[in-house]
Amino acid sequence: MPQQTVSLRNQVLCAFFAALIAVGAFLRVPIPMVPFTLQFLFTTLAGILLGPRLGALSVVCYLLLGLVGFPVFAAGGGLAYVFQPSFGYLIGFCLGTYITGKIAAGCPNPSAKRLFAASLSGLLAVYTLGMVYFWAISRFYLGDAITVPTLLLYCFLLPVPGDLLLCVTAAVLGHRLLPIIKQTRRE
């Protein structure tokens with residue numbers, strides 16, 4: 001099996017997006033239970049601009065930084081963060097970034113509409129994993145039997161309008177930045 005290497009350029013881009021995701025954790029609007037942050041914007045852009053593999057790799061780098069103790073998550077860092085109910089959204093970012101990148105990379109010059117659809121698909125993955133994890137940790141670890149209506153209100157209905165706006169923003173930015181990224185690959 002041939003060994004795959006990641007070029008220095010791609011390593012720098014992955015590190016750059018991992019840093020942007022960390023910064024996005026601190027650009028937040030406080031709402032109950034799950035804070036609304038700009039992390040989703042940067043994970044989505046990572047998928048659009050870097051593709052599925054490198055985009056997901058940038059999220060994995062971010063997650064590893066947080067899990068080894070760097071306070072890059074919205075509420076700190078460290079291995080114990082996996083017991084935070086909102087950690088499922090962080091796992092969802094990895095899958096969402098991959099899905100977004102896969103759909104965006106499905107055609108050579110994706111339209112803003114395709115990038116928006118890719119962003120929505122990634123958002124669906126983030127919310128699915130995030131809400132299931134939130135419910136499971138709340139119920140089985142914290143012993144808080146959160147009801148489905150409460151879960152839907154705080155973990156979906158309150159944050160989703162902002163995330164839909166971030167999907168539009170990512171599609172527009174991605175549509176403008178993709179030609180620049182592709183051109184620098186050729187040089």
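## Helix packing in a predicted model

Helix α1 covers residues 8–26, and its 19 residues should span 27 Å at 1.5 Å a residue; the end C-alpha atoms lie 28 Å apart, which agrees. The expected span is 1.5 Å times one less than the number of residues. Helices (H or I, at least four residues) and strands (E, at least two) are DSSP runs, numbered from the N terminus.

This is a predicted model: local features need pLDDT of at least 70, side-chain atom pairs count only at pLDDT 80 or more, and totals for chains, interfaces and linings use all residues. Residues are numbered from 1 along each chain as its sequence is written, and side-chain values use heavy atoms, with hydrogens and water left out.

**Helix α1 and its cover**

The buried residues of α1 are Asn10, Leu13, Cys14, Phe17, Ala18, Ile21, Ala22, Gly24 and Ala25. Buried means under 20% relative accessible area, exposed over 50%, and partly exposed in between (1.4 Å probe, protein chains only). An α-helix has 3.6 residues a turn, so residues three or four places apart point the same way. The cover over the buried residues of α1 includes β1 (28–29), β2 (36–37) and α2 (39–67). Contact here means heavy atoms within 4.5 Å.

Thr37 belongs to strand β2. At 7% relative accessibility, Thr37 counts as buried. Leaving aside residues up to four places away in sequence, Thr37 touches Gly24, Ala25, Leu27, Arg28, Ala74 and Leu166. Pro52 is 15 residues from Thr37 in sequence, and their C-alpha atoms are 22 Å apart.

Helix α4 spans residues 112–141. Its pairings with α2, α3 and α5 are tabulated here.

| Pair | Angle | Axis distance |
|---|---|---|
| α2 and α4 | roughly 125 degrees | within 10 Å |
| α3 and α4 | about 155 degrees | 7 Å |
| α4 and α5 | about 140 degrees | 11 Å |

Axes are lines fitted to C-alpha atoms, for helices over the stretch in contact, and angles run from 0 to 180 degrees between N-to-C directions. Angles under 35 degrees count as roughly parallel, over 145 as roughly antiparallel, 65 to 115 as roughly perpendicular and the rest as oblique.

α2 and α4 are therefore oblique to each other. Their crossing is right-handed. Phe40, Thr44 and Ile48 of α2 make the contact with Leu115, Ser119, Gly122, Leu123 and Val126 of α4. By class, this contact has 5 nonpolar, 3 polar and no charged residues. Ala, Val, Leu, Ile, Met, Phe, Trp, Tyr, Cys and Pro count as nonpolar, Asp, Glu, Lys and Arg as charged, and the others, Gly among them, as polar.

α3 and α4 are roughly antiparallel to each other. α3 passes α4 in a right-handed crossing. A crossing is right-handed if the near helix is turned clockwise from the far one by less than a right angle, and left-handed if anticlockwise. The contact of α3 with α4 has 16 nonpolar, 8 polar and 1 charged residues.

Helix α5 covers residues 148–157. The angle makes α4 oblique to α5. The crossing of α4 and α5 is right-handed. Tyr127, Met131, Phe134 and Trp135 in α4 meet Leu151, Leu152, Cys155 and Phe156 in α5. By class, the contact has 8 nonpolar, no polar and no charged residues.

**Val82 in its loop**

Val82 sits in the loop between α2 and α3 (87–104). Not counting residues up to four places away in sequence, Val82 touches Leu67, Phe87, Tyr133 and Ile137. Val82 and Arg28 are 54 residues apart along the chain, with 20 Å between their C-alpha atoms.
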